[in-house]
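Subject: Structure handover

Dear colleague,

Please find below the structure that I am handing over to you, with the notes that I made while going through it.

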Amino acid sequence: MAGFFSFLNSKGMNEYVQEAKETPGAMIIDVRSPVEFAQGHVEGAVNIPGPDIQRISRIVPDKETPLFVHCLSGARSATAARVLKGMGYVNVTNMGGISRYQGTLVKGHK
């Protein structure tokens with residue numbers, strides 16, 4: 001039964017952003033569409049839309065790079081995290097949805 005309630009102890013988007021910024025070599029991957037990304041994203045995040053997530057091997061060849069993945073609600077990032085783990089990335093964290101982020105968002109493409 002403890003596993004059922006484990007979500008109550010999970011970190012929120014703000015805590016994951018802080019952890020990513022404190023983790024050497026970590027990358028924040030935003031799997032939303034380019035339009036969603038341009039409307040506001042976490043500073044330093046890289047936009048790789050979910051359907052294109054396999055492109056990451058060209059951007060991040062080191063499979064041990066800490067990857068922090070998020071989308072709007074957490075559903076697309078959960079799928080992307082599964083794909084990344086299937087590709088051999090060993091340090092993948094699904095941050096959930098940016099809709100729960102309380103920090104400042106950067107507008108536009110980077």
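**Nonpolar cores**

Leaving aside its neighbours within four places in sequence, Ile56 is in contact with Ile29, Ile48, Leu67, Leu84, Met87 and Tyr89, where contact means heavy atoms within 4.5 Å. Before going further, please keep in mind that this is a predicted model, in which local features need pLDDT of at least 70 and side-chain atom pairs count only at pLDDT 80 or more, while totals for chains, interfaces and linings use all residues. Residues are numbered from 1 along each chain as its sequence is written, and side-chain values use heavy atoms, with hydrogens and water left out.

Ile56 is also one of the residues with the most contacts inside the largest nonpolar core, together with Ile29, Leu67 and Leu84, and this core has 15 residues. A nonpolar core is here a set of buried Ala, Val, Leu, Ile, Met, Phe, Trp, Tyr and Cys residues joined through side-chain atoms within 4.5 Å; buried means under 20% relative accessible area, exposed over 50%, and partly exposed in between, with a 1.4 Å probe and protein chains only. The elements that give two or more residues to this core are S1, S4 and H4, named as DSSP runs numbered from the N terminus, with helices (H or I) of at least four residues and strands (E) of at least two. Apart from this core lies another, of 12 residues, which includes Val17, Ala20, Ala45 and Phe68. In soluble globular proteins, nonpolar side chains tend to be buried together.

Strand S4 covers residues 67-71, and it is largely enclosed by the rest of the structure because 5 of its 5 residues are buried. From S4, Leu67, Val69 and Cys71 point one way while Phe68 and His70 point the other way, and all are buried. Strand S5, residues 92-97, is mostly covered as well, with 5 of its 6 residues buried.

Two strands are said to pair if DSSP finds at least two bridges between them. On that basis S1 and S4 pair in the parallel sense over 4 bridges, with Met27 standing opposite Leu67 in S4. S4 and S5 also pair in the parallel sense, over 5 bridges; here Phe68 stands opposite Thr93 in S5, and the bridge partner of Val69 in S5 is Asn94. Together with helix H4 (residues 75-86), S4 and S5 make a right-handed β-α-β unit, right-handed meaning that, with the strands pointing away from the viewer, the path from the first strand over the helix to the second runs clockwise.

**Asp30 and its surroundings**

Asp30 belongs to strand S1, residues 27-30, and it counts as buried because its relative accessibility is 0%. Not counting residues up to four places away in sequence, Asp30 touches Phe37, His41, Ala45, Val46, Asn47, Ile48, Pro49 and His70.

**Salt bridges**

The structure holds 3 salt bridges, each being a side-chain nitrogen of Lys or Arg within 4 Å of a carboxyl oxygen of Asp or Glu. Side chains of opposite charge can pair when their charged atoms come close.

Another is formed by Glu36 and Arg76, whose closest N and O atoms are 2.9 Å apart. That pair links distant parts of the chain, since Glu36 is in helix H2 and Arg76 in helix H4, 40 residues apart. Glu36 is buried, with a relative accessible area of 19%, whereas Arg76 is partly exposed, with 35%. Lys11 forms a salt bridge with Glu19, the closest N and O atoms being 2.3 Å apart; Lys11 counts as partly exposed at 41% relative accessibility, and Glu19 is partly exposed with a relative accessible area of 26%.

**Val35 in helix H2**

Val35 is found in helix H2, residues 34-39, and counts as exposed at 57% relative accessibility. Val35 and His109 are 74 residues apart in sequence, and their C-alpha atoms are 8.9 Å apart in space.

With best regards
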